[in-house]
Protein chains: 2
Amino acid sequence: MAADLTAHDLIAQHRPTLDKALETIRTRAYWSPHPEHPKAYGDTEGRPSLSMPEGKAAFDALLGTRVDLGQPGTDDFVGGEVSPYGIELGITYPHADVDTLLPAMRAGMRAWREAGAEVRAVVCLEILARIGARTHEFAHAVMHTSGQAFMMAFQAGGPHAQDRGLEAVAYAYVEQVRTPDTAEWSKPQGKRDPLVLAKEFTPVGRGVALLIGCNTFPTWNGYPGLFASLATGNPVLVKPHPRAVLPLALTVQVAREVLAEAGFDPNLVALAAERPGEGIAKTLAVRPEIKIIDYTGSTAFGDWLETHARQAQVYTEKAGVNTVVIDSTDRYQGMLSNLAFSLSLYSGQMCTTPQNLLIPREGITTDEGPKSYDEVVADLAQAVSGLLGDDARANALLGALVNPDVKARLDAAAGLGEVALPTREISNPDFPDAVVRTPVMVKLDGAKPDAEAAYMSECFGPVSFAVAVDSTQDAVELLRRTVREKGAMTVGAYTTSEEVAQAVEEVCLEECAQLSLNLTGGVYVNQTAAFSDFHGSGGNPAANAALCDGAFVANRFRVVEVRRETV
Amino acid sequence: MAADLTAHDLIAQHRPTLDKALETIRTRAYWSPHPEHPKAYGDTEGRPSLSMPEGKAAFDALLGTRVDLGQPGTDDFVGGEVSPYGIELGITYPHADVDTLLPAMRAGMRAWREAGAEVRAVVCLEILARIGARTHEFAHAVMHTSGQAFMMAFQAGGPHAQDRGLEAVAYAYVEQVRTPDTAEWSKPQGKRDPLVLAKEFTPVGRGVALLIGCNTFPTWNGYPGLFASLATGNPVLVKPHPRAVLPLALTVQVAREVLAEAGFDPNLVALAAERPGEGIAKTLAVRPEIKIIDYTGSTAFGDWLETHARQAQVYTEKAGVNTVVIDSTDRYQGMLSNLAFSLSLYSGQMCTTPQNLLIPREGITTDEGPKSYDEVVADLAQAVSGLLGDDARANALLGALVNPDVKARLDAAAGLGEVALPTREISNPDFPDAVVRTPVMVKLDGAKPDAEAAYMSECFGPVSFAVAVDSTQDAVELLRRTVREKGAMTVGAYTTSEEVAQAVEEVCLEECAQLSLNLTGGVYVNQTAAFSDFHGSGGNPAANAALCDGAFVANRFRVVEVRRETV
């Protein structure tokens, strides 16, 4: 490699981080190399990084500009992002002639393959490190495309997304080195000479990978697929959501810069922005060059991809109906505040936010005595109201509604049943045009068919249903049916009964859903930590893959063997 | 477990074998715990096993009987196998009412899941060990269903198949224990108490796995999927090829016996035999209970499964067009004898047998001087004739044609071009009704479109094409096109040029095919060794999976996490 970044230096710098990631995916203990406190950035020790004001300035400087990535086959510059906070970004991005771009992306595959798994891993880690240094810039990019509040955009879009990317690199690396580069095979033949073969094993990428980004978590949901594919030898074409281009365009920019400096073809990573309504994902997804697809978004398009993109390995995260079973608790206030936070964070616009709260109509037992269904619902509504009573705090938690569809669902939800918690409009002094609304909670009778139509569908956004069920046993059966038929990214349960806990666990084991039990403190059902928690299970209709495990990386490459006689 | 076989004893007995298998899939060195010499069996030391005569007697005793596996939902007994050697087996097997059988198979899943990865692995190893003890019986079962000659049926159907089963168990085990059973996660919170969660991780099977067996290698091609699915917690329904039921019925019998003795539900493994022409594979494959499918057979049905069985993970080995590039050699006689053996073994009825021999029309250089295209073809034809000149030896190598379709293709091949090696009928004194024919070799001009129609299709059976190409470079390009468009289980090449070797290697790396270079001794391109060689690549149209790697096992189960606050 005649390059500014030598393999040697990259390995020296990043191998310890890779090793720690490899260790942590085995222990599942807590670890992250990416600080989640804003003030940890801007330091001049170690790798320079943008401080909070520098990140803001970098973002402001991007507004109204053209992000020219120098990609082959660029036939136009397009863009039209409008921040959920009301400002027009005015940024344009390269529009690709894919007949030119896709072959150009394949050109660098051989050198990328020949670099080997370790060099690919440390190049990926260098990309992540440079993204990490610009975390404050990415925070604004994520905030003004997803509508997340700043702190969440900073953490989930920055260090947590980088964690998930690093986790994918670690899985990809260890999967590729399970088979040695070479082996001598010597089979005894009794008194005759043994049969001897020299064997070489090479992990080879499948072809161009397509990342179809989402609106709400462009980096967090995008990095696992992007880095898993790149680390296993595949070029990656990034097709961002038209409303959330910037965070992924910056990611592509950094990746291209690092690849070039390390002596590789920068076209191994490229962006495909689109014109409004162009819908290029459908066209790209069935191109013969596309061998891998990662997608986060609607069930309808995820199913379409799984059905039609038959030439590719397709990894999808789709919609689900997340459920919390409320049977009993010995920390009633903790339960209420924990759930209130879960329902409020980013206005319920997380694929992991609970939707259905299943509460026995006879009520539950708590450390504050028995509570009727109505009391539990009222107390929970009050907990949400209390949490969001202060507008500044509400803005910091809720962010903005990501698009008009969410607001329409929110408005329609009030018609679905008795409103236990009405929505409230919050004004945002910094961004007067932002649409900020507190969550709505609707009471439904689990036994009524018209109610079932509501609670058995995903209602993405700040809407939850307090579903009255006949008993905890009824709740457990409804949980089973919901996960089986609709899928779930998360399941929660509150119970002091070991028997109930076991029944809920058994449903989650049989229907393949990730369960959080009795969360009453500072961990929320909608949050997962890289290296330790799996995001989704890959075994129910909400997603066909989990972030991140062996199955997420193992089929992104194949091992080619060359064997020869040793004379 | 209140069982005859305790987990403790099974672990004590089989853990060393599992550990050795785990080590070998990492080193890819030679190893097998299953003796491949017939005389190694029948010993009374260690585990008793059937001797050669005992195995024959056991097989003979099966003829004309009913194999009653005691399965729920058995509504009939069916069968109609006729040995390619001419004898009617007269054995009947349970026909299943799947509406009864499938739910019964799911009933044992919970206990099987709760047993954990290690116990599942050693139960699988006990099944393999009991099959191993009956290897001589299985040899006849494989011989009289596949048409393989005895020695091949013994080795490939016995120890080599058992190796592939064990390999799958090893991969399945290690994949499941990558994530620990439990973890404590403690995230620092500055001066506040850390956030602490206790986490449990459980590998859970996906559901009932369907193994669709093949006619030619019922055990060798069946065991990887069967044991990979069972070891990862899934019940396995075995749907054998109607002409090759017995080897898999015996396998199911042993599996059920071991499962019951170990205290598990024997219905975790069951057989689905069918009436002639019933075609139950299509019905079973799309049942909602079926979550995994392993299939070996035609491209048409493999593609059908991949397209229609959308509720399942589908692993297919289909047809390909295997190619050998002949550029030059410094061991001409070794090359000829090696290729002659490859073309003759089991009458070319292996998915790995070479079909197209690409030879420059200007000829090749050898240690015996330059050889023209015609000379190479004539010498190779003579090598085959010499190898098969003695009828006893011919019978021992060729076996019998597995079905009338193969014979029809063989007969038709003579019309495709100039016959360089005509087929010859061989009589088998032991089995006068066996159809035994030596391979045919046909000369084709690679540049002619009508020839292309022949050599660009799989002609399964003892037919090879000596394709005249313009140059080695032309051969390499034709190799690339063949693998890309038709797929290949194997690629061979003979060359003394490092440059040509690299060009062929590069094609195999880019098109994802397994390459054997310059084989002139006792290893053949159509043979792969478990624990060391991959069978297929999973990256070209011949197969979507390789035997055996991480991707073959990783998506047969999911990991469910239960996390809770530690108060």
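Q: Into which domains is chain A divided?
A: Domain bounds come from an automatic or database domain assignment. In this predicted model, chain A comprises domain 1 (8–318) and domain 2 (323–517). Their centres, taken over C-alpha atoms, are separated by 33 Å.

Q: How many residues does each domain of chain A give to the contact?
A: Two residues are in contact if their C-beta atoms, placed from the backbone, lie within 7 Å. Domain 1 of chain A contributes 13 residues and domain 2 of chain A contributes 16 residues.

Q: How many residues of chain A are in contact with chain B?
A: The contact joins 58 residues of chain A to 57 residues of chain B. Helices (H or I, at least four residues) and strands (E, at least two) are DSSP runs, numbered from the N terminus. Elements that each supply at least two residues to this side of chain A include α1 (7–27), α18 (498–511) and β19 (557–565). The most comes from β19(A), with eight residues.

Q: Which strand of chain B is joined to β19(A)?
A: Two strands pair if DSSP finds at least two bridges between them. Here three bridges link β19(A) to β20 (residues 515–517) of chain B, and the two run parallel. Arg563(A) has Ser516(B) as its bridge partner in β20(B).

Q: How are residues numbered, and which pLDDT limits apply?
A: Residues are numbered from 1 along each chain as its sequence is written, while chains are lettered from A and ligands numbered from 1 in the order in which they are written. As the model is predicted, local features need pLDDT of at least 70 and side-chain atom pairs count only at pLDDT 80 or more, whereas totals for chains, interfaces and linings use all residues.
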